[in-house]
Amino acid sequence: MREDRTNKPNTVRNRQRVVTLKSKPHDGKTRVLIEDVSFTSPALAAAVMLGKEMTGGHVWKTGQGQSFNEIKQQVERGELPQRNDGSSEKIKHKKQNEPVKNTTETLEASEHEHEQQIKQLLSRRHLEEMDRDVTSIVYVDDNPTADALIKDIEHQPEALFIGMLMDRRIKAERAWSIPYIILSHYGTLSFEKLKDVPLDEWIAFFNRNHLHIDNKGMAKVLYLAIKKVNSEYAGDPSNLWKSETDASRLVQRFQEFHGVGDKLGTMIVNILLRDFKFPFNNLLGIDISPDIQVVKVFHRLGLIPKESKTDTIRKARTMNPDFPGIFDLGAWEIGRDYCKPSSPLCTQCPLSNYCDYASGKH
Ligand code: SF4
């Protein structure tokens, strides 16, 4: 019996490394471990977490005398970790003493399974929100009135629209609070009334209140947006989304506004779908919004080779072609809450078992 004496955290990946180390011959006998079996298999994970080690088809005997099948049954009874979808996985045995081949096929299958787990975890937050009647997302966490203003799209659709325009290069909470500051000063968000405010005044207002890192640029973005909504959408930004159910075309509509690119165009349509339940079709037009948080998480997970907006969009399209934007909220929240730039909180992150960075590959 070989006991596992490691003090490392009891994670599948760390245990996997322990087993790999133990596979090196140090007593004259070569022990071949199953290197082509994904550790996302619950029985394998459970076996290793129990301190057991596996050869080509069996668990090395332990003092408890548990067989591979006994461990597998424990997993299936729910006594050990299960797959996220609750199903049990069929374990493929190799014949005892049969040499284990690390084939391209098995590696690809393992990578596929690995990516499926990431896909499931990243899409979970979007699906949770879709199940709610009222969104749980808090846009402005330190000001409930400003937050409620963003959510009142029935009566104040301008607030959501302005918040979307401002949500770049500064913290999201700060961007989404700008509509409230405008309302407090001008007493209205009506674009018909605000159309008479000249660009110089907007610039002065933004500067005076230190609204944005780019006060001049954002003042111009707002000024031109108000003009465009007044001339093309009867002064009401909700006419943008109320008159278009095709998500791809709606993204393009938003992108016709000065300063709105891939990130904001897809973000606002995703928000309308997820938080405000607009029943859009053609969701393949909603790409992931390549925000700095999202790109960082995709790269650290190992989904893309370098931090690149284009690669992030392409990868999300590959992972879920029908609706690439499904990963947006999950990746963004993980980036904000756990994946800190210099000291990510990997031990708390739900993706730690599937992350290249957390397993030391970066
Ligand atoms: S495990 Fe760590 S590095 Fe990986 S996504 Fe989570 S916080 Fe970021």
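Ala, Val, Leu, Ile, Met, Phe, Trp, Tyr, Cys and Pro count as nonpolar here, Asp, Glu, Lys and Arg as charged, and the others, Gly among them, as polar. Sorted that way, the shell around the ligand comes out as 13 nonpolar, 1 polar and 1 charged residues. Keep in mind that this is a predicted model.

So much for classes; now the names. The ligand is surrounded by 15 residues, and C339, C346, C349, C355 and Y357 are the closest. As for secondary structure, helix 14, spanning residues 292–301, gives the most to this shell, with 3 residues.

Helix 14 also has a partner. Its axis and that of helix 15 (residues 309–319) come within 10 Å and cross at roughly 70 degrees. Since 65 to 115 degrees counts as roughly perpendicular, that is the label for helix 14 against helix 15. On the helix 14 side of the contact sit V294, V295 and F298, and they meet K309, T312 and K315 of helix 15. By class, the residues of this contact divide into 3 nonpolar, 1 polar and 2 charged.

How far can you trust the model? The chain averages a pLDDT of 81, and 71% of the residues score at least 70.

| Stretch | pLDDT | Contacts in the model |
|---|---|---|
| residues 1–40 | under 50 | 62 contacts beyond four places in sequence |
| residues 81–96 | below 50 | 25 contacts beyond near neighbours in sequence |

So what does the model have for residues 1–40, where pLDDT stays under 50? It has 62 contacts beyond four places in sequence for that stretch.

Key
Residues are numbered from 1 along each chain as its sequence is written. This is a predicted model: local features need pLDDT of at least 70, side-chain atom pairs count only at pLDDT 80 or more; totals for chains, interfaces and linings use all residues. A residue is near a molecule or strand if its C-beta atom, placed from the backbone, lies within 6 Å of it. Helices (H or I, at least four residues) and strands (E, at least two) are DSSP runs, numbered from the N terminus. pLDDT is the predictor's confidence in each residue, from 0 to 100. Two residues are in contact if their C-beta atoms, placed from the backbone, lie within 7 Å. Axes are lines fitted to C-alpha atoms, for helices over the stretch in contact, and angles run from 0 to 180 degrees between N-to-C directions. Angles under 35 degrees count as roughly parallel, over 145 as roughly antiparallel, 65 to 115 as roughly perpendicular and the rest as oblique.
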